[in-house]
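Colleague: Could you take me through the pockets and the nonpolar cores of this one?

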Amino acid sequence: MSNRIPTTSKEREVKLTSDAEYFEYTSSANPIAAKIITKVPYRTFDSSLYAAGETRAITLDISTDLETPYPATAPGLCAHFARVNAGEGLDFDANATSLIFYVISGKGGASQQGKELSFGQGDFLTFPGGAGVSIKAETTTCLYHVNDTPLLSYLGVSVTEQRFQPTLYPAQRAKEELAQVALMPFAAKRNRISILLGNKNFPQTRTVTHTLWAMFGIVPAGAVQKPHRHQSVALDFVADCSPGTYSLVGTAVDENGNIQNPQRVDWSPGMAFITPPGYWHAHYNESDKPAYIIPIQDAGLHTYLRSLDIRFAL
């Protein structure tokens, strides 16, 4: 293509209109139904990806399915497992507004622009984008990490302002808060027994960052948590469970609130899986021990846009 600058009015008109297209509304307003845009697929990622080996980050990349030119686990999110062997370090430098880490195992320290946080197993850590995060492991450490790099890549933007400070959510406090919720009257009949991690800088959304939502939930032994759905993608991490714990996921529910033609996702400790947006999902624990689940979603953004549209089957 020539780089010559158009000089005549006709040439300028052609240049300014060459990218314009026009579509009939009813055939184009729902590009997913029309199969113009790809769906977010079901996908699982096993703990064997980080159970052994060298210090590294493992991107849970489904960009081929999403047809994005950059790594992504959802249209606006990218998830990773990370392993940092004892005495070693690993740097994360993403073009993202928000980074969240869950410490699967181990202990060490995390730093960003001179601000340091010490962490241990079960802690959550959040960092704003705009600067790298360095992890140093005292003992061999495994992490689950999610950021919103794909959102910024799609928009073609970079971070210009940090909206919150590095924040630590200690494991013991999170467990205590969840235990209090589990003891509330009628807790067993609730759709979910969970806490949401929040940040005082986002009082309207009550989310862990302005784009990300993080939930810490329990599925008690023998419990069934009935279906619900929302428009955000859930990148679920199984913190702990026993055999016989699973999710059912599907696009529709019947008149009794049961998912029709569901996809079953069996849980195992340390795994991650994708729950697509708008899909009904329910959790079942047929074991004799409680299970713990950590969904991280782009629900901070959806809540702010008033588009989360969370619904419960019954």
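Modeller: What follows covers the pockets, then the cores.
This is a predicted model, in which local features need pLDDT of at least 70 and side-chain atom pairs count only at pLDDT 80 or more, while totals for chains, interfaces and linings use all residues. Residues are numbered from 1 along each chain as its sequence is written, and side-chain values use heavy atoms, with hydrogens and water left out.

Colleague: What volume does the largest pocket have?

Modeller: The largest pocket comes to about 770 Å³, where a pocket is an open set of points on a 1 Å grid over the protein atoms alone, fitting a 1.4 Å probe, with protein on both sides within 12 Å along at least five of seven lines. Its lining (residues with an atom within 4 Å of a point) has 31 residues, and I37, V40, P75, G76 and P277 are the closest to the centre.

Colleague: And by class, what is in the lining of the largest pocket?

Modeller: There are 20 nonpolar, 7 polar and 4 charged residues in that lining, with Pro counted as nonpolar and Gly as polar.

Colleague: Which residues have the most contacts inside the largest nonpolar core?

Modeller: They are L60, F81, Y144, V146, L235 and F237, in a core of 39 residues; a core joins buried residues (under 20% relative accessible area, 1.4 Å probe, protein chains only) through side-chain atoms within 4.5 Å.

Colleague: What does V146 touch?

Modeller: Leaving out residues up to four places away in sequence, V146 touches L77, C78, A79, S98, L99, I100, L212, L235 and I296, a contact being heavy atoms within 4.5 Å.

Technical notes: Points joined across faces, edges and corners; volume = space filled by probe spheres on them. Buried < 20%, exposed > 50% of the residue type's maximum accessible area, 1.4 Å probe, protein only.
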